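Take a look at the model below. The paragraphs after it go through its parts in turn.

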Amino acid sequence: MEQLEVDLGERSYPIHIGPGLLEHGERVRAGIRGHQALVVTNTTVGPLYAERVEQALAGLEVERVELPDGEAYKTLDQLDPVFTRLLERGFERGATIVALGGGVVGDMAGFAAACYQRGVPFVQVPTTLLAQVDSSVGGKTGVNHRLGKNMIGAFHQPRAVVIDTDTLATLDERQFAAGLAEVIKYGVIGDADFFAWLEEHMGALTERDPAALTTAIRRSCEAKAAIVAADEREGGQRALLNLGHTFGHAIETGIGYGRWLHGEAVAVGSLMAAELARRLGWLSDEEVHRIEALTVRAGLPTRAPADLSRARFLELMRVDKKARGGEIRLVLPTAIGNATVTADYDPEALAATLDEHHALPARSVSRG
Ligand SMILES: NC(=O)c1ccc[n+]([C@@H]2O[C@H](COP(=O)([O-])OP(=O)(O)OC[C@H]3O[C@@H](n4cnc5c(N)ncnc54)[C@H](O)[C@@H]3O)[C@@H](O)[C@H]2O)c1
Ligand SMILES: O=C(O)C(=O)C[C@@H](O)[C@H](O)[C@H](O)COP(=O)(O)O
Ligand SMILES: [Zn+2]
């Protein structure tokens with residue numbers, strides 16, 4: 001088992017990574033404060049893994065809420081049953097919420113923890129690759145609004161993150177590939193060596209080789225933990241973690257939450273950011289090709305959905321937490337391993353990028 005730390009002073013917490021961490025539940029148990037715990041999961045993950053978590057919590061007063069499954073249900077309304085259960089069972093401020101599932105469950109359960117009695121402890125037990133490499137770390141919690149992605153939320157750090165890599169065995173291929181989009185992101189924004197490592201090991205990753213997977217998860221969590229420790233509330237460099245997200249969130253909102261997975265939208269959004277950077281002369285043709293080739297090998301799409309016009313894209317991209325004074329600020333790569341947040345780009349180049357990315361038919365995707 002590996003252990004990392006998110007260094008946030010008195011709110012620091014461990015990230016445990018390894019197989020069998022739910023079977024031997026002491027890491028989950030160690031994150032619990034108080035004598036009451038609410039396991040928040042969904043109708044898919046609950047039947048698979050909740051009993052193991054509940055065994056780890058034996059001796060405590062334990063409740064479970066299963067949310068409906070899917071990005072379409074990441075709404076304020078769906079949190080009502082969580083708050084109702086907490087109140088009906090007399091859960092106090094010392095109670096702990098355990099988020100068991102992918103990023104949707106993690107964001108929602110974390111937000112419930114941020115709100116209930118103005119803040120109770122919570123533990124992240126991520127079960128998708130995307131949640132293990134990204135969403136369970138860093139304390140961004142929240143829900144979607146029909147007009148904008150993650151627009152209602154709070155920063156609320158977990159007490160611990162317990163990553164049982166065995167849970168990935170039940171994840172389907174499409175969900176697995178979605179997680180790889182956020183892994184590739186870390187290479188593009190800040191780590192050329194990691195990007196090269198991914199080029200070498202993408203075959204092993206898509207085969208779910210345990211050693212390669214553990215390395216990818218650890219390096220992703222290390223990268224995220226370092227950025228969060230330096231800039232918890234996104235005053236500066238944390239925004240780099242948003243590579244591809246201004247485009248990607250526009251796709252998710254524009255075509256309806258859940259039609260595309262978050263990771264798929266981020267993959268295409270990152271390629272759009274790379275293409276714009278190429279048009280600006282910041283990235284070479286070869287670098288764009290490398291990012292696209294890795295994305296294809298991960299099993300991810302490379303073109304935006306055909307039904308989003310340039311005008312609609314731009315309208316949706318303005319609904320972004322990085323926007324300032326109505327200006328769209330974008331994370332753009334300046335090399336593989338380096339990126340910047342900027343509003344200083346030629347709007348014609350953005351327009352051309354948007355046109356190119358939905359004018360072409362979707363490319364076929366191959367694995368390897
Ligand atoms: N807070 C953050 O920093 C952050 C970072 C990245 C993404 N996100 C958010 O995360 C969400 C996407 O997360 P996601 O990709 O994990 O999607 P998800 O939570 O919808 O999970 C994907 C699917 O996999 C199922 N599933 C989960 N674990 C499983 C397992 N072990 N075996 C079988 N099925 C399993 C889920 O029920 C769901 O159907 C988005 O809402 C995105 O905005 C948040
Ligand atoms: O942790 C962060 O910071 C991120 O930006 C990680 C992203 O992968 C994630 O999708 C996040 O939820 C996006 O944040 P938002 O502030 O743009 O909603
Ligand atoms: Zn993301």
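The model itself is predicted. UniProt, in an unreviewed entry, lists residues 65-177 as "domain: 3-dehydroquinate synthase N-terminal". That span is 30% helix and 29% strand, and its end C-alpha atoms lie 28 Å apart.

The domain assignment divides the chain in another way, into domain 1 (2-170) and domain 2 (173-359). The C-alpha centres of domain 1 and domain 2 lie 25 Å apart. Where they meet, 28 residues of domain 1 are in contact with 30 residues of domain 2. On the domain 1 side, β1, β2, α5 and β8 (148-155) are the elements that give two or more residues. The most come from α5, which gives five residues. Sorted by class, this side of domain 1 has 14 nonpolar, eight polar and six charged residues.

Next comes the sheet. Seven strands form an open sheet with mixed pairing, in the order β1-β2-β9-β6-β5-β3-β4. Which strands stand at the edges? They are β1 (2-6) and β4 (61-67); each has a single partner strand, so one side of each is left without a neighbour in the sheet. On average, neighbouring strands of this sheet are turned by 15° against each other, with direction ignored.

One pair in the sheet can be followed in detail. Strand β3 (residues 36-42) pairs with strand β5 (residues 96-101) in the parallel sense, over four bridges. Ala 37 has Thr 96 in β5 as its bridge partner. Helix α3 (residues 80-88) packs on the sheet and touches β3 and β4, and its direction makes about 165° with that of β4. Another helix, α8 (residues 210-230), lies across β1, β2 (13-18) and β9 (160-164), and runs at about 15° to β1.

The model also holds ligands. Around ligand 1 there are 30 residues, of which Gly 102, Gly 103, Thr 128, Ser 135 and Thr 170 come nearest. The elements that give two or more residues to this shell are α2 (45-56), α4 (103-115), α5 (129-135), α6 (173-190) and α10 (262-279). By class, the shell around ligand 1 has nine nonpolar, 15 polar and six charged residues. It draws at least three residues from each of domain 1 and domain 2.

In an unreviewed entry, the UniProt annotation "binding site" covers Glu 182, His 245 and His 262. These residues are spread over 81 residues of sequence, yet they cluster in space, with a largest C-alpha distance of 10.3 Å.

Methods:
Residues numbered from 1 in each chain as written. Chains lettered and ligands numbered in written order. Predicted model: local features only at pLDDT ≥ 70, side-chain atom pairs only at ≥ 80, totals over all residues. Near = placed C-beta within 6 Å. Nonpolar A, V, L, I, M, F, W, Y, C, P; charged D, E, K, R; others polar. Domains from an automatic or database assignment. UniProt positions renumbered as here; feature names shortened; annotations may be inferred. Pairing = 2+ DSSP bridges. Axes fitted to C-alpha atoms, helices over the stretch in contact; angles between N-to-C directions. Contact = placed C-beta atoms within 7 Å.
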